[in-house]
Amino acid sequence: MPLSPALRDQILAAVDAGFDEQIAYTRKLVSFASQRGEEFAIQDFIARDLAARGMKIDRFDMDEAALTAHEGGAPFSAQHSRAPIVVGIHHPKAETGRSLILQHHLDVVPVGPRDMWEHDPYGGEIEGDWMFGRGAGDMKAGAAANVFALQALRRIGLQPAATVYLQSVVEEESTGNGALQTFLRGYTAEAALIPEPMDEQLTRANVGVLWFEVEVRGFPTHVREMGAGTNAIDAAQRVIGALREIEARWNAEAGDHPEVAGIDHPINMNIGLIEGGDWGSSVPAWCRFQVRISIYAGQKAQDKYAEIRAHIEDFSRRDRFLNQNPPVLRQNGFNAEGYVLPEGSEAEAVLGAAHQAAFGAALTSGFSGAYLDARVYALYARIPVLNYGPKSRAVHGFDEAVSLSSVRQVTKAMALFIADWCGTESV
Ligand code: ZN
């Protein structure tokens, strides 16, 4: 049932009334350097905070055996986080509305060279409408919005009239295993909302993502005898060239995938990290590099990985050095499929009305070329998942920032969505 105009106005005013506190909370989240494997303190903070707000807390570890046995689970490399997953649980007095998962991730990517930042990466400095910091956009502002959308209802003496699970996960930037663990733990609901920085749009479709490492080994010699030794760095460059052929081939198939219509170059391959060699005058005997490549929604991650392996094997057979020293491929992260959100769900209609009330404009939807935890809810829990959040800048880059006016509007839309989807009851 649509919200009454009076309740709607009360909720909008409640978000405004709590917004200074919400900004301070976002800043606090940004102050935690919660890079991969270092999310213990921030997960402790959120667990204590949600408990103080009256939620029951379920805190659990990621289960390597269960995750790697699942088709969407990713292998555990040595860098895999051991930080816990935290779920805050709200049960109403009377369950009359529709249940909901509010999800966010608190892991962030590395900051890179500090001298390339103008702002302190963990300072949460505010300049005009923008808050700066690693994770400000992706997605600590969204995490705070999850908490403060619920808090807005509480401020006017209300709470959701349905079960709400507030899921705080890690490993979103590397495997997606945190979100998958919440599903394996048994959590599901009638819809899920994830406030990733989506420029105030709803995600209609995204890509799947594969991560793997490639290692090339030769044998070392002095550069004066270079012809005799395999230069592993040169060889690695040729393997990268072969991988670029796959990227080009997959992009040429875009026409078979209607969800990417109008998107230029939907499949992106990134060589994100490279290391190799030991000395300027020694022919490098080894080189390792890290690859991230996307796949189309509907494609099986393992099929596409097998295609990559076959192409590299074939290429190596025709290469004088590589056929003696075949490159070794190891999957060390994302093994994730993409999803398409079907149009016309009730959840989307309710979010559309909430967005209209908060922004005075219709909700639009778009494509995301990045991995999203939303895939777990779409593909395995099989529930409508609304990936929708604020405007941001330089996510994964230098001087990452989030628009505070956008966060305020999105939080309003989220609070209205929760009130309408779950219904409300007095606290
Ligand atoms: Zn994110």
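## Exploring the pockets

The largest pocket has a volume of about 1,400 Å³. Here a pocket is an open set of points on a 1 Å grid over the protein atoms alone, where a 1.4 Å probe fits, with protein on both sides within 12 Å along at least five of seven lines. Its volume is the space filled by probe spheres set on the points, which are joined across faces, edges and corners.

This is a predicted model, where local features need pLDDT of at least 70, side-chain atom pairs count only at pLDDT 80 or more, and totals for chains, interfaces and linings use all residues. Residues are numbered from 1 along each chain as its sequence is written, and side-chain values use heavy atoms, without hydrogens and water.

**Exercise 1.** Describe the lining of the largest pocket.

*Step 1.* Count the lining residues, those with an atom within 4 Å of a point: there are 45, and Val 109, Glu 173, Trp 211, Phe 334 and His 396 lie nearest the centre.

*Step 2.* Sort them by class: 18 are nonpolar, 14 polar and 13 charged.

*Step 3.* Check the domains, whose bounds come from an automatic or database assignment: domain 1 (5-206 + 338-426) and domain 2 (208-336) each give at least three residues.

**Exercise 2.** Now describe the second largest pocket.

*Step 1.* Its volume is about 200 Å³.

*Step 2.* Of its 14 lining residues, Arg 53, Met 55, His 90, Leu 150 and Arg 154 are closest to the centre.

*Step 3.* By class, seven lining residues are nonpolar, five polar and two charged.

Definitions and conventions:
Ala, Val, Leu, Ile, Met, Phe, Trp, Tyr, Cys and Pro count as nonpolar, Asp, Glu, Lys and Arg as charged, and the others, Gly among them, as polar.
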